[in-house]
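Morning, everyone. Please have the structure open while I talk. I'll go through it piece by piece.

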Amino acid sequence: MTGRLTDAQLRELADDAFAILNWAKRQRFNKDRQVEELIRTFEIRLGYRQPILPATETEQ
């Protein structure tokens with residue numbers, strides 16, 4: 001079992017959740033899609049997955 005998250009980590013997750021939920025609501029995502037976006041964001045923040053970076057002009 002992993003240890004407890006630090007106060008700083010909890011604050012970062014809460015900040016991420018606020019930002020992602022606001023964005024997802026503006027995109028008119030339903031509740032299930034909003035939850036999926038939150039889970040993806042938390043996984044990235046906690047190091048469980050790598051972020052998908054946007055393509056750069058040279059990659060296109």
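We start with Glu 37, which lies in helix H2, residues 31–45. Keep in mind that this is a predicted model.

Is Glu 37 buried or exposed? It is buried, because its relative accessible area is 10%, and the cut-off for buried is under 20%. So we have a charged residue that counts as buried. What does Glu 37 touch, leaving out residues up to four places away in sequence? Ile 20, Trp 23 and Phe 29.

Now look at how open each partner is. Phe 29 is buried, at 18% relative accessible area. Trp 23 counts as partly exposed, at 32%. The charged end of Arg 33 sits over the ring of Phe 29, 4.0 Å from its centre.

Next, the helix pair. Helix H1 covers residues 7–26. H1 and H2 pack at an angle of about 145 degrees. Their axes are 10 Å apart. The crossing of H1 past H2 is right-handed. Who makes the contact? From H1, we have Glu 12, Leu 13, Asp 16, Ala 17, Ile 20, Leu 21, Trp 23, Ala 24 and Lys 25. From H2, we have Gln 34, Glu 37, Leu 38, Thr 41, Phe 42 and Arg 45. By type, the residues of this contact divide into eight nonpolar, two polar and five charged.

Leu 38 lies in helix H2. At 15% relative accessibility, Leu 38 counts as buried. With residues up to four places away in sequence set aside, Leu 38 touches Ala 17, Ile 20 and Leu 21. Here is a distance to check on screen. Leu 38 and Phe 18 are 20 residues apart in sequence, yet their C-alpha atoms are 9.4 Å apart in space.

Thr 41 also lies in helix H2. At 17% relative accessibility, Thr 41 counts as buried. With neighbours within four places in sequence left aside, Thr 41 is in contact with Asp 16 and Ile 20. Notice Ile 20 in these lists. Ile 20 is touched by Glu 37, by Leu 38 and by Thr 41.

Now the other side of the story: which residues are exposed? Take Asp 32, found in helix H2. Asp 32 is exposed, because its relative accessible area is 57%, and the cut-off for exposed is over 50%.

Last stop, the loop between H1 and H2, where we find Arg 28. What is the phi of Arg 28? It is positive, about 60 degrees, although Arg 28 is not a glycine. Arg 28 is exposed, with a relative accessible area of 75%.

To recap: Glu 37 is buried in terms of accessible area, and Glu 37 is part of the contact between H1 and H2. Arg 28, in the loop, is exposed. That's my tour. Questions, please.

Definitions and conventions: Residues are numbered from 1 along each chain as its sequence is written. This is a predicted model: local features need pLDDT of at least 70, side-chain atom pairs count only at pLDDT 80 or more; totals for chains, interfaces and linings use all residues. Side-chain values use heavy atoms; hydrogens and water are left out. Helices (H or I, at least four residues) and strands (E, at least two) are DSSP runs, numbered from the N terminus. Buried means under 20% relative accessible area, exposed over 50%, partly exposed in between (1.4 Å probe, protein chains only). Contact means heavy atoms within 4.5 Å. A charge sits over a ring if NZ of Lys or CZ of Arg is within 6 Å of the ring centre and within 35 degrees of the ring normal. Axes are lines fitted to C-alpha atoms, for helices over the stretch in contact, and angles run from 0 to 180 degrees between N-to-C directions. A crossing is left-handed if the near helix is turned anticlockwise from the far one by less than a right angle, and right-handed if clockwise.
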